[in-house]
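Here is a short briefing on one protein model. Keep the sequence and the 3D view open as you read.

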Amino acid sequence: MPKNTKTAKKFFEHLKLYSPNISENIRHLELNSFDNLLLKEPSLSVIIMCKDEQRCIARCLNAIKNNIGINDEVIVIDTGSADDTLNILNNFSMTNKYSIIETSWNNDFAEIRNLGISQATKDWIVFIDADETIEKGSFENLKSHLSIVDTLNTTVVCCPAIVNSGGHVVQTVRRIIPNNDSVFYFGMVHEEPRHINKSELNFLAFDDVILHHDGYMKSVSSAKQKQERNTSLLYTMIDKEPLNPKWYYLLCRDGKGVLEENFYRDSLLKVITLCGQAPFYEEYKLRALSDLIAHYLSAGDIENAKYYLEDLKKLAPNMTDTLYWDIFIQLIIFEYAYHQFIQQIIDYKQTNKGLDYGSLNSNGFHLDYLLSQLFFNIRDYNSCFNILKKLEDAQYGEYQENYMELYDALQKYLLQIGEENEKKIFHKTT
């Protein structure tokens, strides 16, 4: 197979998402023959923003060092570190010839990214945050894909797969942009690349350009007070662009738990309204619908949750969130039914205390057993096992063996957790 054909095949294998607006461009690209084209491997300007990142900056730089090409460059922008970050950067730069820029922080992430763009000299710019690491082979994969992207007749930006702590993967963060003087960043927080005419740019997302991110682990996020910072900056962005659903959605996402409940709900509804039918904003509409369902369920409002689930089904019938909420709501309905069944049995036993000469058990022990299973299903384990013990004492069935498998599974799980905690404690003390 010719080299260009292999490159194109790899491109389409790992292209997982793209803006709906460029579907036609992608279809046209798939019909192309690349064998007679001269595909150029692009060079990369890798830019890292940091402030007080002594915890992770060396890890980030070492991962880049293991991926970077001879024609690429690395630029680190420090925005006023007061910890040991600058010492680490300077020591690293002495042996690796990385550029370090020191500047002040003005509560504007786009400002810093645009500073990096102004200093970049290579074909494409890749932004990596200090609390991220690049997976081995990702730059090589990226350069291969960008050689195909360069044949498109439109300006696009690209997205890596960002694997967050906890395993959640985000594939729509625009971090890779062409260095062509027409693309800049906009937004004080959750900034995004835009065209010089301020229009939003279409994107491509690849699953083999992988960043690992741990900056939103609870301990790290709390230490940096990210929630308070982000919500404050997002209010400013809403003032700047009151009709852009992105800022309202991100305010809800980042402010969840601190925003007043009615304001949180109304803001999600506003996201859905502002998105309308625009394909470009569909991702925010989907997320807002999913979060709105969760909000109504937490408030005990199943009917509204079901209402917005129907909207989600119409918009994204095959999305995992759709299946999750569909089954989750049914489970809540089942659990409500369990409570009703429990009360029905209790009421019956309270009003029917005599012997019942039915075919199952004259003392109603079969109802007690059914009651124990219902308690188990609603996770009232004390009530469940108290009933089973009473039944065994009365020599109505043998239930211990039925639950030994459950006991063994719990013991194994608790033992694993204990061993993991011991390893963490040992690691910290050594």
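Predicted model: local features only at pLDDT ≥ 70, side-chain atom pairs only at ≥ 80, totals over all residues.

A search of the whole structure finds two cavities of 30 Å³ or more.

**The largest cavity**

- Its lining is made up of R174, E192, P193, E200, L201, K246, F280, Y281, E283 and Y284.
- Two elements give two or more residues to this lining: β11 (192–195) and α11 (282–298).
- What classes of residue line the largest cavity? Five are nonpolar, five are charged, and none is polar.

**The second largest cavity**

- The residues around the second largest cavity are V126, I128, I134, F139, L142, P160, I176, V209 and L211.
- At least two lining residues come from each of β5 (124–129), α6 (138–149) and β12 (202–213).
- By class, this lining has nine nonpolar residues, with no polar and no charged ones.

**R175, a buried arginine**

- Find R175 in the loop between β8 (169–170) and β9 (176–178).
- Is R175 buried or exposed? Its relative accessibility is 6%, so R175 counts as buried, the cut-off being under 20%.
- The R175 side chain makes a polar contact with the side chain of D129, at 3.1 Å.
- Beyond residues up to four places away in sequence, R175 touches R113, I125, V126, F127, I128, D129, E132, C158, P160, I162, Y185 and L211.

**Helix α11**

- Helix α11 has 17 residues. From its first C-alpha to its last, α11 reaches 25 Å, close to the 24 Å expected at 1.5 Å a residue.
- Why is α11 described as largely enclosed by the rest of the structure? Because 13 of its 17 residues are buried.
- After α11 comes G300, with a positive phi near 80°.

**The loop between β4 and α5**

- T103 lies in the loop between β4 (99–102) and α5 (109–119). T103 is partly exposed, with a relative accessible area of 27%.
- Leaving out neighbours within four places in sequence, T103 is in contact with I77, D78, T79, G80, I112 and L115.
- T103 and G276 are 173 residues apart along the chain, and their C-alpha atoms are separated by 40 Å.
- N107 also lies in the loop between β4 and α5. N107 is partly exposed, at 38% relative accessible area.
- N107 is not a glycine, yet its phi is positive, about 55°.

**H190, another positive phi**

- H190 sits in the loop between β10 (183–186) and β11.
- What is the phi of H190? It is near 50°, a positive value in a residue other than glycine.
- H190 has 18% relative accessibility, so H190 counts as buried.

**E401, an exposed residue**

- E401 belongs to helix α16 (residues 400–429).
- With 67% relative accessibility, E401 counts as exposed, the cut-off being over 50%.
- How far apart in space are E401 and E282? They are 52 Å apart, C-alpha to C-alpha, and 119 residues apart in sequence.

Conventions: Residues numbered from 1 in each chain as written. Heavy atoms only, no water. 1 Å grid on protein atoms, 1.4 Å probe; cavity = no way out; pocket = protein on both sides within 12 Å on 5 of 7 lines; lining within 4 Å. Points joined across faces, edges and corners; volume = space filled by probe spheres on them. Helix = DSSP H or I, 4+ residues; strand = E, 2+ residues; numbered from the N terminus. Nonpolar A, V, L, I, M, F, W, Y, C, P; charged D, E, K, R; others polar. Buried < 20%, exposed > 50% of the residue type's maximum accessible area, 1.4 Å probe, protein only. Polar contact = N/O pair within 3.5 Å; in protein donor to acceptor, adjacent residues only side chain to side chain. Contact = heavy atoms within 4.5 Å. Expected span 1.5 Å × (residues − 1).
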